[in-house]
Amino acid sequence: MKGFFEGFDFEKELSLKLKAQKKLLAAKNSPTADNNGQYQRWVNPVLTAAHFPLEWRYDLDRKTNPFFMERLGINAVFNSGAIFFNDKVMLVARVESVDRKSFFAVAESDNGVDNFRFTRLVDFHACDGEETNIYDIRLTLHQDGWIYGLFCSESKDKTTSDMSAAVAKAGLVRTKDMTNFERLPNLTTKSPQQRNVVLHPEFVDGKYMFYTRPQDGFIEAGSGGGICTGFCSDINNPVIAEEKLLDPRIYHTITEGKNGAGAVPIKTERGWIHIAHGVRNTAAGLRYVIYVFVTGLENPAKVIASPGGYFIAPEGTERVGDVSNVVFTNGAIVKDGRVYIYYGGSDTRLYVATTTLERLVDYAFNTPADGLISAKNMQERKNLAEKNKKLMR
């Protein structure tokens with residue numbers, strides 16, 4: 001039996017790969033059979049490394065690539081910002097190449113659940129010569145008419161010889177056409193590390209409002225208390241003088257280790273709905289889940305509802321990947337009353353879950369808050385069981 005390298009045909013191999021990718025991009029997605037009434041998962045990931053265009057990975061010139069080798073390989077596609085723009089669902093995905101460097105690329109779909117196709121790379125200059133890696137962008141269509149992207153700008157921590165030590169800053173870009181991006185100065189706060197920052201979509205008292213996540217170390221939150229708020233007057237000089245705690249980390253909850261803003265908050269008649277991430281440590285490492293809370297319409301810096309526990313936790317294939325047991329969102333859109341939540345699975349691929357605004361509001365305001373101790377949580381469950389027992393007679 002002949003091996004792959006015997007009788008190799010460049011044109012045939014190119015044709016087979018193009019055909020396989022065309023089939024993948026045209027595949028229809030479907031909702032999973034099970035749901036909990038809160039949201040609906042979809043079976044297939046919406047973006048993977050295999051979705052990335054061949055012409056952005058392979059040199060298609062037979063003279064310079066006679067063995068049709070992948071020259072610029074892709075390791076993973078995940079954690080995507082999201083926006084509904086020009087009647088398209090647009091995702092700005094984190095694309096990680098095989099050398100660990102991440103960059104951004106735009107993928108578009110008509111329906112938001114399948115047939116996403118990468119259309120362009122996002123190109124903007126580094127803020128300084130120290131910026132090594134960029135990732136996890138959040139997209140805000142702001143009241144001022146610009147679309148802003150907040151992302152993590154990572155560089156080497158030069159105060160130590162530890163090769164894994166890094167410094168995270170909040171990078172900032174803006175665009176009006178989702179094609180041409182203008183780099184603005186990095187967000188400045190008093191925190192030594194800053195990432196998972198989201199820009200509120202409206203002015204608050206005439207100022208730009210940010211949801212920040214101060215932390216002492218690149219991985220560990222340290223004295224960072226949780227999700228904070230901060231304000232600045234000039235987006236071209238984004239300096240936050242003071243951060244105030246909004247949604248705190250709490251012992252023995254899903255946010256014990258860390259928590260951070262996820263998607264841009266969704267405006268409803270009852271408040272701003274936040275879809276965030278919470279982290280706790282386990283014997284197997286950090287576990288990331290997605291949770292929900294609500295802030296006031298008139299005062300977005302005040303939490304008015306906080307359903308207990310997680311909203312989405314990793315299941316099935318979502319749990320397997322480069323960083324296992326992780327779901328992470330930094331993008332959601334609302335289209336025709338339906339909410340599309342895009343979330344990375346184990347830092348490897350991108351999934352979608354859908355719900356409606358009506359269901360999301362019901363979940364946020366009518367799900368009991370965490371009682372914080374077992375006795376209170378047990379009493380809540382006991383009360384529910386007794387109520388249902390009477391109803392089922």
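This is a predicted model: local features need pLDDT of at least 70, side-chain atom pairs count only at pLDDT 80 or more; totals for chains, interfaces and linings use all residues.
User: Why is the pair of Phe124 and Phe151 called tilted?

Analyst: The ring centres of Phe124 and Phe151 are 5.4 Å apart and their planes are at 40°. Rings count as a pair if their centres lie within 6.5 Å, and planes under 30 degrees apart would be stacked while planes over 60 would be edge-to-face, so the remaining cases are called tilted. The angle of 40° falls between those two limits, and therefore the pair of Phe124 and Phe151 is tilted.

User: Which parts of the chain does this pair tie together?

Analyst: Phe124 lies in the loop between strand E5 (117-121) and strand E6 (133-141), whereas Phe151 belongs to strand E7 (residues 147-156), so the pair ties together parts that are 27 residues apart in sequence.

User: How do you know whether Phe124 and Phe151 are buried or exposed?

Analyst: The word buried is kept for residues under 20% relative accessible area. Phe124 has 14% relative accessibility, so Phe124 counts as buried, and Phe151 has 3%, so Phe151 counts as buried too. Elsewhere, Phe52, Trp56, Phe103 and Phe118 form one aromatic cluster.

User: What makes the contact of Glu315 and Arg41 a salt bridge?

Analyst: The name requires a side-chain nitrogen of Lys or Arg within 4 Å of a carboxyl oxygen of Asp or Glu. For Glu315 and Arg41 the N to O distance is 3.6 Å, so their side chains meet in a salt bridge. The pair links distant parts of the chain, with Glu315 in the loop between strand E20 (303-305) and strand E21 (327-335) and Arg41 in strand E1 (residues 40-41), 274 residues apart. Arg41, Glu315 and Glu318 are also linked in a network of salt bridges, and the structure holds 13 salt bridges.

User: Why is Glu315 called partly exposed, and why is Arg41 called buried?

Analyst: Partly exposed covers the range between the 20% limit for buried and the 50% limit for exposed. Glu315 has a relative accessible area of 47%, which lies in that range, so Glu315 is partly exposed. Arg41 has 10% relative accessibility, which is under 20%, so Arg41 counts as buried.

User: How do you know that Arg120 and Glu108 form a salt bridge?

Analyst: Their N to O distance is 2.7 Å, which is within the 4 Å that the name requires, so the side chains of Arg120 and Glu108 meet in a salt bridge. Arg120 is in strand E5 and Glu108 in strand E4 (residues 102-109), twelve residues apart. Both Arg120 and Glu108 are buried.

User: What makes Glu202 and Lys267 a salt bridge, and where in the chain do they lie?

Analyst: The closest N and O atoms of Glu202 and Lys267 are 2.9 Å apart, which is within 4 Å, so the two form a salt bridge. Glu202 sits in the loop between strand E11 (198-199) and strand E12 (208-212), and Lys267 in strand E17 (residues 266-268), 65 residues apart. Glu202, at 26% relative accessibility, counts as partly exposed, and so does Lys267, at 47%.

User: Why is Leu360 called buried, and what does Leu360 touch?

Analyst: Leu360 has a relative accessible area of 0%, which is under the 20% limit, so Leu360 is buried. Leu360 is found in helix H2, and, not counting residues up to four places away in sequence, Leu360 touches Ile266, Ile273, Ile275, Phe311, Val339 and Thr355. Of these, Ile273 is 87 residues from Leu360 in sequence, while their C-alpha atoms are 8.3 Å apart in space.

User: How do you know that the radius of gyration agrees with a compact globule?

Analyst: A compact globule of 393 residues would have a radius of gyration near 21 Å, and the chain has 22 Å, which agrees. The chain has three helices and 23 strands, and buried residues make up 50% of its 393 residues.

Technical notes:
Residues are numbered from 1 along each chain as its sequence is written. Side-chain values use heavy atoms; hydrogens and water are left out. Helices (H or I, at least four residues) and strands (E, at least two) are DSSP runs, numbered from the N terminus. The radius of gyration is taken over C-alpha atoms; the globule rule is 2.2 Å times the number of residues to the power 0.38. Buried means under 20% relative accessible area, exposed over 50%, partly exposed in between (1.4 Å probe, protein chains only). Rings of Phe, Tyr and Trp (its six-membered ring) pair if their centres lie within 6.5 Å; planes under 30 degrees apart count as stacked, over 60 as edge-to-face and the rest as tilted. Contact means heavy atoms within 4.5 Å.
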